[in-house]
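Okay, thanks everyone. Let me put this one up on the screen, and then I'll walk you through it.

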Amino acid sequence: MRKLTGALALTTAAVALAAGTAAAAPATPVAARHLALHSWTLLNEHGPGPNPGERLTARVSARTVDGHARGHVVVQHVFEESGTVRAEFDVDCLTVDGNGAITVTGPISRTVVTPVGGEPYLFEEGRHPEAGLTFYPADEQHQRRAGWNRTSPRTASEVVRCGAVPAGLWVIDGGTFLRR
């Protein structure tokens, strides 16, 4: 029963990770012929401080050369009690808006769920919804925010290619480096 409860909790977490979060409106992207983005960030969906019992990270390596975006993004949520959910997507767009928000979008190549003590399995195998990750500049309180989401018919969410994802997460560690 305990393993079943853990598996259900992890599957619920997979849906939450895959669905992402919602918040503010997107900004207009600025066209750039050459961009390179490298990022590793520790995120929190509950506030600006640490989140005991779970670890949400985003790792990005993307570039745009002559208007063609390439790269890879991994968003991973580790729950100490139930396991890990790892979503990966290949970048089809990298943009920077007029306010300095950096967005990467692309189709999810796979979401892997690994229960504690169990074997990894593909969640929603064969589906490749569009996903997006946006890093926002620090606000007046010097807090950095990020937005993460993916298109999901279950939650009526939609990620538009090259569209910013509203901020719903706090960046609590790591960095995002953009080279133009």
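So, Cys93 and Cys162 are joined by a disulfide, S to S 1.9 Å; the cut-off for calling a disulfide is a pair of cysteine sulfur atoms within 2.5 Å. Before I go on: this is a predicted model, where local features need pLDDT of at least 70, side-chain atom pairs count only at pLDDT 80 or more, and totals for chains, interfaces and linings use all residues. Residues are numbered from 1 along each chain as its sequence is written, and side-chain values use heavy atoms, with hydrogens and water left out.

Back to the bond. Searching the whole structure turns up one disulfide. The Cys93–Cys162 link is right-handed, with 115 degrees about the S-S bond.

What does the pair tie together? Cys93 sits in strand S6 (residues 93–97) and Cys162 in the loop between strand S10 (144–150) and strand S11 (169–179), so the link connects parts 69 residues apart in sequence. Those strands are DSSP runs (E, at least two residues; helices are H or I, at least four), numbered from the N terminus.

Buried or exposed? Cys93 is buried, at 7% relative accessibility, while Cys162 is partly exposed at 26%. Here buried is under 20% relative accessible area, exposed is over 50%, and partly exposed is in between, with a 1.4 Å probe and protein chains only.

Of the 180 residues, 45% are buried.
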